Amino acid sequence: MTFDSLQGSHNMQVRGDAENYLKSIQSADGMGSSLLYIATHLEEANKDRQTDVATQAALFLKLKVQQCWGEDVGKENIDSVNRTDLQYAYPFTPNDKHFLRENIFKALDAAPSKTIQSALCSAIYNMAQVDFPENWRSAVNEIGERIKQSVGQESLLMSGLLALRQIFQANEYALDEERGPLNQLVDIFFPLLEQVMGDIAQSQSQNQIPIMHLIAKIFFSANNLQVAQYFLVAPQRISPWMAFFQSVLETPLGEQFETPTEVAQQIEELDRQTCWRLKAIVSQITNRLFSKYTGNLIENRYGVNQQHSVTNPQAQQTTVFCRYFEQHHVGPVLQSHLAIIFAKRSKFVGTKTLCAALKTVQIGLKFGPTRKLINEHINLILYEISLPLMLISQAEFELWSENSIEYVRMQVDQSNPFNTKHIVKLLVRSICGIKQSRKQKVSEYLQNYLQVLAQNLEQTHEDFRVKEAILHSLGNLKEHLSRSLELQASIEPLLHQFVFSELSSANPFMRARACWLYGQLGSLPNTFPEGSPNSQTHLSHVLDAIYQNLTHTDLPVRVEAALALNELLEHQTAVDFLRPGLEVLLRTYLKIMDDIDFDELVQALQQLVNVYHDEIAPYAVSLCQKLGEAYIRLIGSKGSGEDEDTETSLTAEGLMTAIVRVLKSISGQYKHLYPELEQLLEKPIEVTFTEAGCSSIEDGIVCLSELLYNQDQISPRMWKFFFTIVDLYVNDRGIIDEFMFQASVPLINYMQKNPEQFRNAVFEGLGSCMDMIFSLIGKIFEVSRLKECEMEAICAVTLLIQMLESIQGIDSSLHNILEFFVRELGQAQTPDYKCMLTQGICMCLWYNTSQTLMSLEQMGCTQSFLDLVFSLVQGQVKQDFEIKRFVIGLSSLIQKDPSELPVSVQTNQQSIMKCIVFLCQKSIVVRQKQQEKAEQADEDDKAETGIYEDEENELDILSDEDDEDDEDYDANDEDGMDRDLYDSKLDSLDEVLFCRDILAQMEQANPPLYQYYFSQCLDQNDQNSFAQAVDAAQQYQQYLQQQQQQQQ
């Protein structure tokens, strides 16, 4: 009666009573067994009922398992057997959980429908995530028995494979030592699956393809991240699987499933057929094996990972596996994928299957031996495969009409791994990048391909899609054309003859493509050379035509026109042409942005702002006003919770991003605008700090930082955000927690812009700024300890250091600040965190040397602090700002008479002086590396990339350990803090010259002290090293001055 009342009654009282009753029995034993029974006895459960109670019971069971086992609770918070004290929403009792583990496989055997089967599989997955293997060891035997006894009992085999797939999926993303359960599963079940593969391949069962599909999915989950140990220890074991996969890929499916079609609905239906789903998963498996283990083989062959392989047994096994895979399977896999691509000429090929094949061929082009297998087919791929795949599909036609916003997004969306058109474009670009040698400037494939495209443009095509595809293919080669001024010069006549007229075409698809192509190729430097009057006249006409398309009725046309104008701003003619209509142009961009939240449009607006930098100031205020008003309006209309309009939310976020772009474009100039901008943006920023607008809180923080940084004083209007930030974090409002690094930037500006007010002000009902900032800092340290994440605590350390840099007269708080640093050092685990805390103590020494030493002595940690400094300086201190802090802190110790210093400092004075000299030398090395990197970056920007036939090692291989081995790696770069929006007193300080000046003043004021520190504490080598560092620092300052002059 309860299920009847719950599902069928429109009487809310009856439904309420049923729900309450259901809740009341959920904590009693038997709930799990009851749900399983109802779900697997469909006829009995649904007898005389209008609703499908059995299905509802299965879905309810799925939800309950998710609550008690699954991701909603989290592995780290639950032991599904022993924890009964956790107050989840009506958790299963331990007896119910035990019953489910013992009986859910039997229920899956008896599942009467696909929906119930799917719900039970989901439950198995969530249970396995937590319980397997420790608390569910019976699962292996139960599944194994079903697979072993499968002869003549295919229903049991199917349920066993379904269950096994869930267990594998639950362990699919385990890493390193956590892969033990997965590897054990492979060892147990893969021999059984190999036997099933052989048996099912010879059978005529109607379940043949579904069983193969499940086996392939199990293989995929078992080997997704890395090949299982089962194959690494014995590479020959992969061969029967590869034979099975190749058989699947090469088996024809017949006319029913291979008759070509362009009808979108028919394509979707065919893609959903189990036979094509089987080919899809197998093609993805073979693509991953081909790409990953071909790449690994190259890395080991050319020494990238050889040293790692020597010390890592698994790496050695992987190398052996790769060699075996290359010798026996790389060629056949590639041939199978090529056959799939060639079949596309006359047959239907599943979308995912085709995409995997195209990706495999693209990867094969990068590896010499496999490229030889592809060479003879390249022309076929270019002209018979790629061009037809570039045609507009029926699905695109329908999307243009039904959801033009989604159509626009699809044109640039790289996240869909099964967008055939994007993948074939990448393949064509790879082919057109193949050259015989580095001496060859232009690929022969590129030249021939361009010639074929031009010849096709000269022909008349009844289907406009052919010309559209040709134009699309031409624009796809922008990167290659950008490297050849000669080819660029040939583009302008082609555009004029075949593309210009399409800017006014009655066909909106052709208008959009023409705008796009002018944006792609018209922006190249030699397409419209300034010295050619005809080219400049052509460009002027193009600009006018594209400008007219900004108001076209179809959104994709308007968007492509806006983006094209942005690209054409590379030409001074375009800049001058659009200048008189800048205000209208900006309004038009904003209007289009009202229609679609599109990042490329925001970037285009940014480009407009950058190009017309000197003219943008009059529009900055109006831009921010309109964007801010639109943001508030959209936030108010988007709804909340289940009623929230996702597209409206995305648009609102885009508007805040656009405001950030405008503010960044005028940052550092036009200070007179900021009081008005404050007034206009106060409310939008305030909304981002609320639950309704918190998805844009990062942009809100940046806007606030821009407004504070670009003014000399903090207005009362802006002070309220200081209290908002502190309140949101200290009181756990759940809005700003993940953005404290970013929020630190405005907090630092409050300190720097109004240090006196920050130190002394007391706000009625809120307390003083100093009390609030210490409360915030204490909370950050507390949260970091709870999370066991020292990176979070670095934010608090940064705030403390900035207080010391910015605010004078806080000597009374110095001891409290030191206590923070010393307490955290006592618990610090990582070298980065220890280094940051030590820098904080160095800043305290710089702030007030005597008081800091007194506090350190009181805490009994002066010697341990110095020992830590000496150890960190040798290896951990790598960044310029770190060196500065250590140098100025240690330098404060040599400005005192030795007799005034604690004994532990006196006994280490020689080490302190040597440490300062060492840091000065290191500072010069860091600068040289920065200078070399900047110069190398300029060279890299000019370097060509491509595939060269006469070079064996074609791939640009990067080790996973590159970042970790980089001596200049800085963990603080990962924190998201925008250091361009606050200043530091240390920015203009040259630590080497700072030390030079200290010693020079000491030599004049107190020669004996100078002699002691410089002559007695330093040997001749140290003195020479310091002199060299000073010379290098002076030269570096001259270099910086020259750079600044060149930029001006």
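How many helices and how many strands does the chain have? In this predicted model, the chain has 54 helices and four strands. Of its 1048 residues, 53% count as buried. The accessible surface of the chain comes to about 47400 Å², and carbon and sulfur atoms account for 47% of that surface. Among contacts between residues at least 6 apart in sequence, 74% join residues at least 24 apart.

**Nonpolar cores**

The largest nonpolar core contains 330 residues. Phe-190 and Phe-722 have the most contacts inside this core. Helix α35, which spans residues 613-637, supplies the largest share of the core, namely twelve residues. A second, separate core has seven residues, including Ile-392, Leu-399, Trp-400 and Val-557.

The surroundings of Phe-190 can be described in detail. Leaving aside residues up to four places away in sequence, Phe-190 touches Phe-168, Leu-185, Ile-218, Phe-219, Ala-222, Asn-223, Tyr-230, Phe-231 and Trp-241.

**A pair of packed helices**

|---|---|---|
| α48 | residues 880-893 | Asp-880, Ile-883, Lys-884, Val-887, Ile-888 and Ser-891 |
| α52 | residues 991-1005 | Glu-991, Phe-994, Cys-995 and Ile-998 |

The axes of α48 and α52 are 9 Å apart, and the two helices pack at an angle of about 15°. Angles under 35 degrees count as roughly parallel, and α48 and α52 are therefore roughly parallel to each other. The crossing in which α48 passes α52 is left-handed.

Note on methods:
Residues are numbered from 1 along each chain as its sequence is written. This is a predicted model: local features need pLDDT of at least 70, side-chain atom pairs count only at pLDDT 80 or more; totals for chains, interfaces and linings use all residues. Side-chain values use heavy atoms; hydrogens and water are left out. A nonpolar core is a set of buried Ala, Val, Leu, Ile, Met, Phe, Trp, Tyr and Cys residues joined through side-chain atoms within 4.5 Å. Buried means under 20% relative accessible area, exposed over 50%, partly exposed in between (1.4 Å probe, protein chains only). Contact means heavy atoms within 4.5 Å. Accessible areas come from the Shrake-Rupley method with a 1.4 Å probe; for residues, only the protein chains shown count as cover. Axes are lines fitted to C-alpha atoms, for helices over the stretch in contact, and angles run from 0 to 180 degrees between N-to-C directions. Angles under 35 degrees count as roughly parallel, over 145 as roughly antiparallel, 65 to 115 as roughly perpendicular and the rest as oblique. A crossing is left-handed if the near helix is turned anticlockwise from the far one by less than a right angle, and right-handed if clockwise.
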